[in-house]
Amino acid sequence: MEETIGVEESIEAAGATGQIPRQRGGQLLDHAVRYAEERHWDVFPGTWLEAADGKEHCSCGAADCERPGAHAAGPDWASQATGSATAARRMWGKHPKASILLPTGRTFDVLDLPESAGFLALARLERMELPLGPVCCTPDRRMLFFVLPGATAKVPDLVRGLGWAPSALDLITRGEGHYVAAPPTRVGGRGAVQWVRRPTETNRWLPDAEELINPLAYACGRDAAEARARGN
C-alpha cells in the first residue's frame with residue numbers, strides 16, 4: 001500500500017530545499033484535509049491566484065488587493081469554516097487553488113509580531129525550554145505563534161503587568177472574528193506562508209499566552225527601540 005505523506009513531513013521536505021512550494025491544487029487540498037483531520041483545526045477556502053497577461057491576480061478581481069490569493073472570499077467565511085475532513089475535501093475539490101485559511105478564536109489564538117522580534121523571542125523561549133506550539137512566518141515578514149484560545153482577552157493586561165503600554169508594542173492578538181493563512185498558501189508574488197516550528201505530536205497541546213508573553217513582549221520592545229534608534 002502506498003505510504004501517505006503527512007502535513008509535517010511534506011512541509012519539512014519543502015523547507016529542506018529552500019524553495020517556496022508551488023501552489024498546486026492537490027497539495028492545497030491534502031494540507032487542508034490534514035489540518036482538519038490530524039490537528040482538528042477548522043479550515044475554509046479563501047481566494048486564489050489566477051494567471052492573466054503574464055501576471056498573477058487575485059480571484060477577487062481587485063487590482064489593488066492587499067493580500068492577493070490569501071484572504072476570505074466573502075463576509076460569510078466564519079460559517080463556511082469546518083473541522084470535517086470530508087467537507088474540506090469537498091470544498092477544495094470545487095476550488096483546488098484556493099488558499100487555506102484558519103479561523104482563530106476556536107481551537108487556537110495567534111500572537112502576531114514582526115519576524116525580527118519573533119526570531120529573537122523564539123531563541124529565548126528555546127533557551128528557557130518553555131512550551132511552544134506551531135509557529136509560522138508570512139511573506140510580509142510577520143511571525144505567528146499559535147496559543148490557546150483566550151489570548152485576546154489576556155494579553156493587554158499581561159503586557160501592562162510587564163510595564164509596557166500595549167499600544168507601544170507591535171504585538172497583535174488574533175482571536176474570534178479573525179483568521180490566518182496556513183502553509184503552503186502563497187500571497188501573490190511575495191512568497192508562501194511557511195512553518196518555522198511545524199505541527200507535530202509534541203506540540204499538539206498549545207501553550208497559554210501567559211507562558212510566552214514575557215519573551216514576546218521583551219522582543220517586541222527591543223525591536224521598537226531599535227526602530228526608533230534607526231529613525232534618529
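Helix α5 (residues 115-127) packs against helix α7 (residues 209-231) at an angle of about 140°, and their axes are 8 Å apart. That makes α5 oblique to α7 (under 35 degrees would be roughly parallel, over 145 roughly antiparallel, 65 to 115 roughly perpendicular, and the rest is oblique). Keep in mind that this is a predicted model, where local features need pLDDT of at least 70 and side-chain atom pairs count only at pLDDT 80 or more, while totals for chains, interfaces and linings use all residues. Residues are numbered from 1 along each chain as its sequence is written, and side-chain values use heavy atoms, with hydrogens and water left out.

**The helix pair**
- The crossing of α5 and α7 is right-handed.
- On the α5 side, the residues that meet α7 include L120 and R124; among their partners in α7 are L216 and Y218 (contact means heavy atoms within 4.5 Å).

**R39**
- You'll find R39 in the loop between α2 (25-38) and β1 (44-45).
- R39 is buried, at 8% relative accessible area (buried is under 20%, exposed over 50%, partly exposed in between, with a 1.4 Å probe and protein chains only).
- The R39 side chain reaches the backbone oxygen of N203 at 3.4 Å.

**Cysteines**
- The structure has 0 disulfides (a disulfide needs two cysteine sulfur atoms within 2.5 Å).
- For C58, the closest cysteine sulfur is in C60, 3.5 Å away and so too far for a bond; C58 is buried, at 6%.
- For C136, the closest cysteine sulfur is in C137, at 7.3 Å, also too far for a bond; C136 is buried, at 0%.

Methods: Helix = DSSP H or I, 4+ residues; strand = E, 2+ residues; numbered from the N terminus. Polar contact = N/O pair within 3.5 Å; in protein donor to acceptor, adjacent residues only side chain to side chain. Axes fitted to C-alpha atoms, helices over the stretch in contact; angles between N-to-C directions. Left-handed = near helix turned anticlockwise from the far one by under 90°.
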